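Reader: I would like to go through this model one point at a time. Please start with any term the answers will need.

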Amino acid sequence: MSLHITGITRFSFVHPMMINGFAATRGKSLSKAQSIIWEKSRMEARLSLLRHFAIPTYASIEKQHENSSSVFVISESMPGYYKELLKDAIAPLKNACVKEISDDQDVWSEMTTTVADLAGGNRLFCFRLDDDDALFSDFAHVVAKFADENEDETFLVCDEGFQFGRYGPDAYRVYRRVYPRNAQGLGTVSSRKSYYTPFRGNHTKIEERFRVVHYKDKPAWLRSTHHFNDSDSGQRVINRSDLTLDEACSILEPHFHIPVRDALLNLPIRSMQPER
């Protein structure tokens, strides 16, 4: 049985089941949450981040592993203008789809049905990826080896990666971070008898319910920080001084098959608030 690899990216997704899971919308009504998430400047920034981080990551995986796909989950009630921009953005991908979920549908069952259809009876590795993050160039190869060596419902977690922000036109800060329960690239393997997605409870508590394998060989993910992030938790710092664009590229380009320079140039500039 061959392995199908599929990633799920929730793109500016607003749903009654999830409003309280994010700081920006916690305690808000559905309509208020929608107005926050679908605000024009925010959506423009998220689409740009998607084009420079998640989409190139999926394109890299497609080249490495022919039997792969990506799912972009959105709200059925998202304005049509942004739906069309999203479809245009993912058009270069060979096997990508948009999954619209209505306010009265169960998010997790709808996601599971979608990835099961994509798997087509094959064994499945399903992972999660935010629109503004990227995965390292060996990800598909690591996943294939992991799937060969582990039983269904085992989770793969990539412990280490890079986190970075932009603080001026040519000022970047790059952090090498160890985060053993990181969500980026977190995925699980399953088979036709019962397909699963990685959205099975809080990712920081995944080891309380499932067997987890930690990948530690290389920095595996790239997490961007900017003022549109929902959260910005503590980080392990290797360099707090500002780096030029060329210096930041020299650190990151060896690890990622995305256009790193373009991604850095399109990252929103953060305010200079103190970092934890």
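Author: Buried means under 20% relative accessible area, exposed means over 50%, and partly exposed lies in between. The model discussed here is predicted.

Reader: Is C126 buried or exposed?

Author: The cut-off for buried is under 20% relative accessible area. C126 has a relative accessibility of 0%, so C126 is buried.

Reader: How many disulfides does the structure hold?

Author: A disulfide requires two cysteine sulfur atoms within 2.5 Å. C97 is in no disulfide, and the nearest cysteine sulfur, that of C126, is 11 Å away. Seen from C126, the closest cysteine sulfur is in C97, and 11 Å is too far for a bond. The number of disulfides is 0.

Reader: Which strands stand at the edges of the open sheet of 4 strands?

Author: The order in this sheet is β5-β11-β7-β8, with mixed pairing. An edge strand here has a single partner strand, so one of its sides is left without a neighbour in the sheet. The twist from one strand to the next averages 20°. The edge strands are β5 (133–135) and β8 (171–178).

Reader: Which residue is the bridge partner of A134 in β11?

Author: β5 pairs with β11 (residues 221–225) in the antiparallel sense, over 3 bridges. Within β11, the partner of A134 is L222.

Reader: Which residues of β6 point the other way from F155 and V157?

Author: In a regular strand, side chains alternate between the two faces of the sheet. In β6 (residues 155–158), F155 and V157 point one way, and all four of the residues are buried. Those pointing the other way are L156 and C158.

Reader: Which residue of β10 stands opposite F155?

Author: β6 pairs in the antiparallel sense with β9 (residues 187–190) over 2 bridges, and there the bridge partner of F155 is T188. With β10 (residues 212–215), β6 pairs in the parallel sense over 4 bridges. In β10, the residue opposite F155 is V212.

Reader: Which side chain makes a polar contact with the side chain of Q184?

Author: Q184 lies in the loop between β8 and β9 and is buried, at 4% relative accessible area. The Q184 side chain reaches the backbone nitrogen of D130 at 2.9 Å, but that is a backbone atom. The side-chain partner, at 3.3 Å, is D133.

Definitions and conventions:
Residues numbered from 1 in each chain as written. Predicted model: local features only at pLDDT ≥ 70, side-chain atom pairs only at ≥ 80, totals over all residues. Heavy atoms only, no water. Buried < 20%, exposed > 50% of the residue type's maximum accessible area, 1.4 Å probe, protein only. Pairing = 2+ DSSP bridges. Axes fitted to C-alpha atoms, helices over the stretch in contact; angles between N-to-C directions. Polar contact = N/O pair within 3.5 Å; in protein donor to acceptor, adjacent residues only side chain to side chain.
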